[in-house]
Amino acid sequence: MNFRYRHLMQDLKTLIPHHRAEPKMERAKTLSIVNDMCEVKNCNKALMFEGRRKLDLYMWLSNIADGPSVKFAVDNIHTMGELKLTGNCLKGSRPLLSFDPKFSESPHYSLLKELFIQIFGVPDKHPKSQPFFDHVYTFTILDDRIWFRNFQILSEDGALTEIGPRFVLNPVKIFASSFGGLPLWENPKYVSPAKYRRHMQLSLKKDKYMSKKQQKLRAEANKPTKSYDLNPLDDVFKQLPTDDDVVV
């Protein structure tokens, strides 16, 4: 995982004061080991980041007890330190959660909304939280993706300013159990980043080949059919040099 993904994880730890962190897990182990980690930590929800090829980032949200679990592809990541926005909030304060009305239109979006509420919502009177609200998390659906924003509440009339971070969640698949089980829903429009990069490489190669082909056709089309008109008498008085000629 690159530095931007690590900074995003640190930002989310700041936004979720009641979290219990866990270091990296071995790649050889299956994701079901996360359930055992949560039982040891006495946690009933899990948020896990999965990095692949140091290029792609995936986020898992899971209800440990009975499921379900959701896998997202994370895009357009901008961390707090990178944006340098003017918003600010007290560490440990509780957030308001604002959801797009589209979350109530589809069953899978309603399920995702409930998971977001249970994971990003800070419990009342938690020892690590402050007893007031001074920022709001917004979850907006656009282009079949979920856009996350974090805003500071400036005044009671609804004035806001962005704090960060910001990122986009592209839902991939919903499973019945925690980190596995039968798939309940799968995104038919999802294309993996590796497949997309492969498609772009093939498109560039195809465009390069077509460009060379067009250049060759244009050269053939612009090639003159008749050369310059030369007068054969122009070389009558030109003599070849002999051995007696003196070159000055």
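This is a predicted model: local features need pLDDT of at least 70, side-chain atom pairs count only at pLDDT 80 or more; totals for chains, interfaces and linings use all residues.
Residues are numbered from 1 along each chain as its sequence is written, and side-chain values use heavy atoms, with hydrogens and water left out.

Student: What radius of gyration does the protein chain have, against that of a compact globule of 248 residues?
Tutor: The radius is taken over C-alpha atoms, and the globule rule is 2.2 Å times the number of residues to the power 0.38. The C-alpha atoms fill a box of roughly 115 × 45 × 40 Å along the principal axes. A compact globule of 248 residues would come near 18 Å, but the protein chain has 32 Å.

Student: How far apart do the C-alpha centres of domain 1 and domain 2 lie?
Tutor: Domain bounds come from an automatic or database domain assignment. This assignment gives domain 1 as 3–187 and domain 2 as 193–218. The distance between their C-alpha centres is 38 Å.

Student: Why does K226 count as exposed?
Tutor: K226 sits in the segment after α5 (193–222), where helices are DSSP runs of H or I with at least four residues, numbered from the N terminus. Exposed means over 50% relative accessible area, buried under 20%, and partly exposed in between, with a 1.4 Å probe and protein chains only. K226 counts as exposed because its relative accessibility is 61%.

Student: What separates the C-alpha atoms of K226 and F132?
Tutor: Along the chain, K226 and F132 are 94 residues apart.

Notes: Helices (H or I, at least four residues) and strands (E, at least two) are DSSP runs, numbered from the N terminus.
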